[in-house]
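Welcome! Let us walk through this model together, one part at a time.

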Amino acid sequence: MVWEGVIKRYREFLPIITDKTPVVTLNEGNTPLIRAVNLSKELGVDLFIKFEGLNPTGSFKDRGMTVAISKAIERGVKATICASTGNTSASAAAYSARAGIKSIVLIPKGYVALGKLAQAMIYGAIVLEVEGNFDDALRVVREAEKEESIEIVNSINPYRLEGQKTAAFEICDYLGRAPDVQVMPVGNAGNITAYWMGYKEYKSVGKISSLPKMFGIQASGAAPIVYNRVFEKPETIATAIRIGNPARWQEAVKARDESGGKIIDVSDDEIIEAYKKVASSEGIFVEPASAASIAGLIKLVRSGDIPKGALVVAIATGNGLKDPNTAISNLPPTFTIKPSFSEVMKFIKS
Ligand code: F0G
C-alpha cells in the first residue's frame with residue numbers, strides 16, 4: 001500500500017474532512033512500533049515504543065497539523081499562529097509553508113531546543129521570542145480567536161486532536177488489539193486527550209475490545225496535573241513539556257480517570273537516565289520530553305502500577321536530534337586521535 005498520510009489512511013474516522021477539503025500532507029504517520037527487546041527483559045513487561053520522532057518534522061505534531069492546516073486552507077485563512085515549546089512551531093511552519101500561507105510562532109525566549117528553532121526558521125516562519133513561558137505565549141495567541149483570517153493551530157484547535165488520534169489507530173492496527181497500558185509525556189495535554197479519543201472510537205466501532213490504561217508523565221518542575229495546581233514558573237530540562245497550566249487539563253484528568261490510569265511526575269535526573277538508557281540499550285534516540293515516558297514507565301513498574309507481563313506501549317513523541325545540546329552535555333567526551341589505524345585499534349582492544 002502506498003502511504004499518503006493520516007488523512008487518506010483514516011478518512012472514515014475523520015468526518016470533518018470533506019471533498020472540499022484540500023489535503024495538505026507531508027505523508028505523516030505510519031511510524032514504527034518498535035519492540036523494545038532489552039528494556040522488556042529488564043522490566044518484565046512486553047514493551048513497544050511508538051517512535052513518533054520519525055514523522056516528517058520529527059514529532060507527533062504532524063498528525064494534527066495535516067488536519068488543522070487542511071481545514072484552515074478550506075476556510076481560506078491567510079496565516080496560522082501558535083504558541084510553542086518548539087515542536088508545534090516546527091510542524092506549523094512546515095505545513096504552512098507547504099500550503100503557501102504565513103506562519104507566526106510565539107516561543108518562550110531561551111527555552112526552545114536548537115533543532116526546533118532552526119526548523120521553524122528554515123521553513124520560513126515568523127519567529128517571535130516571547131519574554132515569558134509557554135503559558136504566557138499561549139495567552140497571547142488565544143487573542144487571535146477574534147481574527148477571522150488567522151487560524152490558531154495549537155491543540156486548543158479541535159482539528160489537531162482529530163489528526164493526533166490516528167496514532168492510537170495505528171497502534172491497534174499493528175498489534176491487532178489495544179495495549180494493556182499506554183505511557184506518554186504530558187505537557188499541554190492535547191496528545192493524551194487525542195489518544196484517548198482514538199482508542200474509544202476504535203472500541204465503539206468494534207475494532208478493539210478493550211481499552212488501555214492511560215499513564216501520563218510530567219516533569220517534577222512542571223507537574224500541574226499531578227499536584228492539581230498551576231505551576232507559575234515551570235522548570236525542566238525537558239523543555240517540550242515545560243508547561244504550568246495545560247489547556248487540555250480537564251480532558252487529561254478524564255482520560256486518566258476513565259481509563260483507570262495515573263498521571264505521575266519524574267525528576268530531571270530520572271529523565272536523563274532514561275534518555276541515555278533508551279538510546280544505548282534500544283538504539284532509539286528521543287528528546288528529553290519523550291524520555292519522560294520511559295522514566296515514568298520504570299517508576300510505574302517498580303511501584304506495581306504496571307503489572308509484570310503487561311503489553312505496554314510507550315510513546316516517543318519527538319526525535320533526539322531536535323535537542324543536540326542536551327545530548328552533548330550529558331555524554332562522555334569524544335577522543336582526538338592522529339590519523340592512524342593503530343590509534344583506532346587502541347579503542348577497539350580496550
Ligand atoms: N513530547 C513532545 C516532544 C512535545 O513537543 C510535547 C508538546 C509533548 C510531548 C506533550 O504533548 O502538549 O499534547 O501534552 N509540545 C508542545 C509544543 C507544547 O509546543 O511543541 P501535549
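Is the crossing of H9 and H11 left-handed or right-handed? Before the answer, a word on what you are looking at. This is a predicted model, in which local features need pLDDT of at least 70 and side-chain atom pairs count only at pLDDT 80 or more, while totals for chains, interfaces and linings use all residues. Residues are numbered from 1 along each chain as its sequence is written, and side-chain values use heavy atoms, leaving out hydrogens and water.

Helices (H or I, at least four residues) and strands (E, at least two) are DSSP runs, numbered from the N terminus. The crossing of H9 and H11 is left-handed; that term applies if the near helix is turned anticlockwise from the far one by less than a right angle. The axes of helix H9 (residues 190-204) and H11 come within 8 Å and cross at roughly 45 degrees. Axes here are lines fitted to C-alpha atoms, for helices over the stretch in contact, and angles run from 0 to 180 degrees between N-to-C directions. H9 and H11 are therefore oblique to each other (under 35 degrees counts as roughly parallel, over 145 as roughly antiparallel, 65 to 115 as roughly perpendicular and the rest as oblique). Contact means heavy atoms within 4.5 Å, and among the residues making it are Trp196 of H9 and Ala255 of H11.

Helix H11 (residues 249-259) also leads us to the sheet, for it lies across S8 and S9, running at about 140 degrees to S8. The sheet is open, with six strands in the order S1-S2-S10-S7-S8-S9 and mixed pairing; two strands pair if DSSP finds at least two bridges between them. Its edge strands are S1 (33-35) and S9 (262-266), each pairing on one side only. Strand S8 (residues 213-219) and S9 pair in the parallel sense over five bridges, and Phe215 has Lys262 in S9 as its bridge partner.

Now look inside. A nonpolar core is a set of buried Ala, Val, Leu, Ile, Met, Phe, Trp, Tyr and Cys residues joined through side-chain atoms within 4.5 Å, where buried means under 20% relative accessible area (1.4 Å probe, protein chains only). The largest such core has 39 residues, and Ile306 is one of those with the most contacts inside it. H13 gives the most to this core, with nine residues.

Finally, the axes of H12 and H13 come within 7 Å and cross at roughly 95 degrees. That makes H12 roughly perpendicular to H13.

Key. Buried < 20%, exposed > 50% of the residue type's maximum accessible area, 1.4 Å probe, protein only.
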